[in-house]
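Dear colleague,

Please find the structure below, handed over for your work. My notes on what was found in it follow directly after.

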Amino acid sequence: MKKMLFAVALLCVLCLTGCDVEKMSSLKDISRPYAAEYKCKKLQLGGEDLLGGFDYVKLRLGYGGDYTLSYAGEEGEGEQSGTYELSSDEGKITMHGGGKTYIFPYEKGTVRMQLQFQDRLLLAEFSAAAT
């Protein structure tokens with residue numbers, strides 16, 4: 001019954017706000033279930049585990065296409081922000097920030113980042129808080 005009421009309410013909102021439902025491909029596109037906070041589960045540089053040196057490392061994917069990567073640890077705290085597009089069909093997330101564009105795999109609520117940093121491989125894995 002609750003699902004039926006939600007569907008009717010959503011339909012009313014879409015009709016009243018003038019959204020073109022034909023241009024929307026699915027309810028998933030509207031709800032954006034990937035818009036959430038992701039916790040870093042793995043952080044390695046050249047095979048060395050770095051996660052223990054941080055209180056937290058988080059990636060927040062906002063509903064409007066913005067992201068914030070934040071951290072706090074022994075050497076302070078900071079954040080980087082930018083924009084993103086996620087294609088769950090293609091299994092990738094494209095992130096724009098700091099004048100650069102990065103493309104990473106996205107699968108089942110997990111973002112896997114691999115970058116070259118100081119001639120070593122930086123590997124970070126973020127999972128949605130609920131997973």
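Strand 1 and strand 2 (residues 48-49) are paired in the antiparallel sense, with 2 bridges between them. In this pairing, Q44 stands opposite D49 of strand 2. The hairpin that the two strands form has 2 residues between them, and G46 adopts a positive phi near 60 degrees there. Please bear in mind that the model is predicted.

With strand 9 (residues 120-128) it runs antiparallel, joined by 7 bridges; here L43 stands opposite A124. With strand 3 the pairing is again in the antiparallel sense, over 3 bridges, and E37 stands opposite R60.

R60 itself lies in strand 3, residues 54-61. Beyond its neighbours within four places in sequence, R60 is in contact with A36, E37, D66, Y67 and T68. One of these, A36, is 24 residues away in sequence, yet the C-alpha atoms of A36 and R60 are 5.9 Å apart. With D66, the R60 side chain makes a polar contact, side chain to side chain, at 2.8 Å. The relative accessible area of R60 is 33%; because this falls between the 20% and 50% cut-offs, R60 counts as partly exposed.

A second residue examined was T94, located in strand 6 (residues 92-97). Its relative accessibility is 13%, which is under 20%, and T94 is therefore buried. Leaving out residues up to four places away in sequence, T94 touches T83, Y84, E85, T101, Y102 and I103.

With kind regards

Definitions and conventions. Residues are numbered from 1 along each chain as its sequence is written. This is a predicted model: local features need pLDDT of at least 70, side-chain atom pairs count only at pLDDT 80 or more; totals for chains, interfaces and linings use all residues. Side-chain values use heavy atoms; hydrogens and water are left out. Helices (H or I, at least four residues) and strands (E, at least two) are DSSP runs, numbered from the N terminus. Buried means under 20% relative accessible area, exposed over 50%, partly exposed in between (1.4 Å probe, protein chains only). Contact means heavy atoms within 4.5 Å. A polar contact is a pair of N or O atoms within 3.5 Å; within protein, one must be able to donate a hydrogen and the other to accept it, and residues adjacent in sequence count only if both atoms are side-chain atoms. Two strands pair if DSSP finds at least two bridges between them.
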